[in-house]
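I opened the notebook to record what I looked up in this structure, entry by entry.

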Amino acid sequence: MWDALIRPIREHLPLWLMLLPVFSAVLVGFARLAGAAAVRRTLLVNLILSVAFSVWLVAAYEPLKPASSQEHAVLLGPLERFQFRDSFAWVGETRSALLERFNRRGERRVIEVPAQWGPNIRFAVGVDGISVWFVALSVLLVSVGSSVCESLRPNAESRMPMAVLSTPSVAWLWLQASLVGTFVALDVVLFVACWMSTLLAIAWLVGSGGDSQRHEVVPRLLKASWWGGWLVALGLGGLVLAFGWMRTSPNPAMSSLIFSVPELIAGIGQLSVGGENAYLWRSINVWLFWLLVVGFTWPLGLAPLHRPFVDAFVSAPRGVALVLAGVLLKVGVYGWLRFVVPAFPDLLHQHADTFTTLVGLSSLFAAALAFGERDWQRRIALATSSSVGLSLIGVMTQTNEGLTGGLLRVLSHGLTAGLLVWLLPRAGVGSLFQTAADDDRCFADEFGSLKRTPDPVTSRRHRLVRVAFFAWIGLPGLSGFVAEFVTPFGLFQHDFNAAALSLMTSGLIAWMWVRADREPLDWSQELWTRRDTFVVATLVTLNVALGVAPQFVVNRLQPSLMSLLPMQPVPSEVR
Amino acid sequence: MDTLRTLLIGMLVGAPLVAYGLSFLEGKLSRRALLTAAQLAAAAVLLSVVGLFFTPPLGSQSFEEFRLVTWLRMPGFDVTLGARLDGFAFVQTTLVSVVLLLVLSAWPQEVSLRWLMLAWFGVTLANVAGNLGQLFVGWTLSAWASSELARKRDKPLRPVWLVQRVSDIALLVGFGIVWMHFESTLEFTAWTPKAIGALRPELIESIALCVVIGVIGRCAQLPLTVWLETEQGFAAQTGNSMSKLSDVMVGVWNVPDGHEVAERLKADRSNRWHESHADSVPSTVLAWWLCAAFLPAGIGLLVRFEPLFAVAPHTRLMMVAVGAFTLLMCSANAAAQTNWPRVLSQFAVGQCGFVLIAMGMGSHSEGLLGVSAFLWQSVLIAVLLVANSAIRRESTRLIVVALSVMVAGLCGRHAVADSVWEHARKLFEVPIQVSEESNPVVLGTTETRLWLLVVGAIFLSEFLTGFALFRAWFLSRRESTPRSDLSSDRPVRIVLWLTTLLVLFGSLLYQARGQAPQNSELADESVRLQQSLDPPILNSAVPDPGRVMFLLPLALAGAVLAWWMYSKPSSLPEKFSAAMGPFARLSRNRFYWDDLYFLLVVHPATVIGEWLVWFEERVFGRGAGSVRNSVASVFGESAEPLSRGSAMIGALTTVGSVAVLAWMLLWLRS
């Protein structure tokens, strides 16, 4: 009984995580009729279930599923590296048709013939060791960010009309679904659609809740991200077409277009090794490579193309800024890992020196800008830009240590930046709804534990901000240390210049936070709620957990990362 | 026996962790109970070290390694936390335990015990590390937690560790090179003579240089004597100041109240040196820093890397230069201080420079002699610093005994000085080359000339050290009044006396044996490497401690001068001050280091950062907009969407790109 109840969820966790917010959005639509309390309860249920499912996903994920038999071990293909897979026909379909034939003697034979209708674009989801962490980080930060959503506040209905109240809620749910979808998508079209959808959702959230500059900021952010998205769409489309043609060249009977991400990447790796296909591949791969490189790098907000991101971060409400810096910005890094590194290892290796040097300089530039800044929000945004650059450098090295360090830095930065953004005073981070809520003191009593900020709370905030500093700077026992420690080992294997730039950037960021600590933050208008306690405790605990026991994360990352390394099979001990 | 050893090792590694866990009960349990628990933990570690020393492992290995937890494991990259027990690990762990027991006996009420316990855990991790990963974790953790001891509640970060990060980065670079060239392993066991011999010399020099930079930062040697930024200092007017080790340790202001110069400077609000004694770090914390967390840790790293230093002559030469310079500067600074902890801190850092000289000579025996002398002295410095904050009236006998031992320099400093003198003497043994060209006389080589300078620095510093220690003692005796804020100091006094006697007994015994506590594995490797790779000039034998004793007369001369100036009714101090006033002030404040760092590092970084922000906002941002507008104005209305960056442009370009891509694919297919 219990198993029958659990199994349908456990086997399809990524799908549930993606569809849960969609269902919730529909329910919110109905709940509006019942009032704000119903909307609030719906959102809360979604939030709790999403976090629970993401924790379940991480716990249930097996680093590399052992093959059940020798035969299965041989058949362990690219698709099998992904777990909790689900696949549904979306646009077109490929299926086997059974044809009945009779030979001369009248004997009946059944022949299986592949038949295709349309391009075979599928709604396919699944996770591997890389995406599982992106999914977990997304759900965590979206939950944290959306928890400041006005709809989740008691008695919110009396402050603003229901239409205004439920709109950001739907945007948050949309953002959650599309962000999770981006990371669990196993189909090229689904990936692009989810990513684009994510950009629209974040633009909606910034536009509806940002400060007075939001009308100028949102189009710029959209343009920067949208351009990247379109280039990626072009590159991936080209990749699908090129792969289809390469497959059909020796064997015209085969299906022409493959949209499945794992099969596409693995197939390109096999087909481009030699023969006529190699010639075809060499003719086109440079174009596709540059399309994907530019497309995935542009939206990362690297200096000097950081202005749209920084302005949007400063203008956005606190929760949205948290998601923007913590996870959304890093979709580009995920794209590098999912497409650029495995599909173009040779080209990447050829240009890696230039790339790492350029990105290293960009990170240093962003760090120097952060060093010269006086505004806290811009400082965090610029340090984020620098940190994302450092993550990307690790990925570009195509070494085990670099890739692992890059991924660990992504996770660490998400947790740390989230904590820092959460703790900063909200004054100056304009939000229509936040301002309305915070200024309206008559509701303070109804929060139960809500109280005006006394000195001990300010002191606590100071201490917690320092924890975030320490984690960012990379002190032992906190999450940043692992990334700071591991990444240089990958960089040194690759290029000394990149390693030197990376270390200089880290040093400059550390100095910047030390100087920033001297500037007093004014929390006199801030309240400390139970929600603050819960969020901050969660983020600090995860920061410490990642710093003290990184092996839990690394165990799940390693097999997937090893498969990205050029010409290096997964060692037996890892299997 | 195995069970006992396992138990002892568990105690060695687990006790600091347990103590750290208990320290979270600060505020819930009484302070006395927590201090007692911490002392018990320190005693347990001390006992386990002694127990492990007397229950040797089975077999003939010179070290024993236990792997406890895997912190991070990837193919080709393995960091395991555990304990590697060899001679030097025993010595360091013992030293740290003794110092911890001392400081806990008088730990100030206002300083958190939690950071101390975390720092202890970090130091223990580093001391018993068997691989570079664990060493780095412990190294960084101990520096960070120890520096937090200096921060007062709700005050901004006092980033002692900022300079530590400089040394961390240098170390990480060095570790990276080691990892790449020693079969992708971070284990110490990979440093076999064969593996080291196979490396290119410049690689070894690079590794050694990185490690030395790490040690210089950790031990506050010049030029990384700067440890942190503070709000005080002359650069504070612009919001950016750098301060130096002595400032952080003991505060900046060091002229006694009531002194004419002090009053004049205090009245001047634009003056930079307004710091008072109250701002200085408690001397118990100072004892922990100087005698356990920072200086011995740096020295320990030097010893660990000795097999590599043995074949890095250029880096060793740099170590000698840095050490000699620091020794001289710190001795001069100590001579100008009036505050007892400040004198001791300058003395300790200067003696660290002495160790750098000893290790830089490239001879294993002198190196370990210098190290062991430093470690013995560290305990005495801890005793004196703790006594400063815990004893109601300075105990004359205690101080005299300790001062005498330090001035005499035990055996180590004499031996090192003797060896340096032997090196310098080569200057005169090299025949004078007379050439027929314009430069007729070439006297020695750069290296021999450097050794001569080092000899001079050692002699002068020894004289200044004797002078400084006794001057401070005479001054403190003159002004000493019983402290009313302390209750009975009898237990602390007993602990201090016992420790002093133990140190005296141990050092005399050690001197009689005439050799350092050997890390036999390191020693063997080092000796083998030196024999195979080093020039013979660096292979000097263990010097006879009694052969050269000219340091003692120099130190005594300094002491006598101090007695004459400060204990006898004499007008000499005034005359001396009048004659040497500028030098004394220069030595006392050392503002030039602040100036230098501000000029070279802080100010340029700030200006560049602010200029970049200005550039980004005013030039880059506006420039992009004006370019778009210019294009639109040139091409007329048809390009107007470009200036707005409208979606139309995006759509058109996208369609165009798709068309190009399709055409390309069609062409390929054809």
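Helices (H or I, at least four residues) and strands (E, at least two) are taken as DSSP runs and numbered from the N terminus. I note at the outset that the model is predicted.

**Entry: a cis peptide bond in chain A.** I looked up the peptide bond from A:Ala303 to A:Pro304 and found it cis, with omega near 5°. A:Pro304 sits in the loop between α10 (275–297) and α11 (307–315) of chain A. I wrote beside this entry that most peptide bonds are trans and that most residues other than glycine have a negative phi.

Entry: Is A:Phe84 buried or exposed? A:Phe84 is buried, because 21 other C-beta atoms lie within 10 Å and the cut-off for buried is 20 or more. In chain B, B:Ala220 has a positive phi of about 55° although it is not a glycine, and B:Ala220 lies in the loop between α8 and β3 (226–229) of chain B. B:Ala220 has 29 C-beta neighbours inside 10 Å and therefore counts as buried.

Entry: Helix α8 (residues 201–218) of chain B has 18 residues and reaches 26 Å from its first C-alpha to its last, close to the 26 Å expected at 1.5 Å a residue. I listed its buried residues, among them B:Ile204, B:Ile207, B:Ala208, B:Val211, B:Val215 and B:Arg218.

**Entry: a helix pair in chain B.** I found that helix α3 (residues 87–104) and helix α11 (residues 283–293) of chain B pack at an angle of about 175°, with their axes 10 Å apart, which means that α3(B) is roughly antiparallel to α11(B). On the α3(B) side the contact includes B:Leu95, B:Val99 and B:Val103, and on the α11(B) side it includes B:Thr284, B:Trp288 and B:Cys291. The residues of this contact divide into ten nonpolar, one polar and no charged.

**Entry: where the chains meet.** How many residues of chain B are in contact with chain A? I recorded 47 residues of chain B in contact with 49 residues of chain A. The elements that give two or more residues to this side of chain B are β1 (64–74), α5 (132–148), α6 (161–181), α24 (591–635) and α26 (647–669) of chain B, and α6(B) gives the most, with ten residues. I noted that the residues on this side of chain B divide into 30 nonpolar, ten polar and seven charged.

Definitions and conventions. Residues numbered from 1 in each chain as written. Chains lettered and ligands numbered in written order. Predicted model: local features only at pLDDT ≥ 70, side-chain atom pairs only at ≥ 80, totals over all residues. Contact = placed C-beta atoms within 7 Å. Nonpolar A, V, L, I, M, F, W, Y, C, P; charged D, E, K, R; others polar. Axes fitted to C-alpha atoms, helices over the stretch in contact; angles between N-to-C directions. Parallel < 35°, antiparallel > 145°, perpendicular 65-115°, else oblique. Expected span 1.5 Å × (residues − 1). Buried ≥ 20, exposed ≤ 12 C-beta atoms within 10 Å, placed from the backbone.
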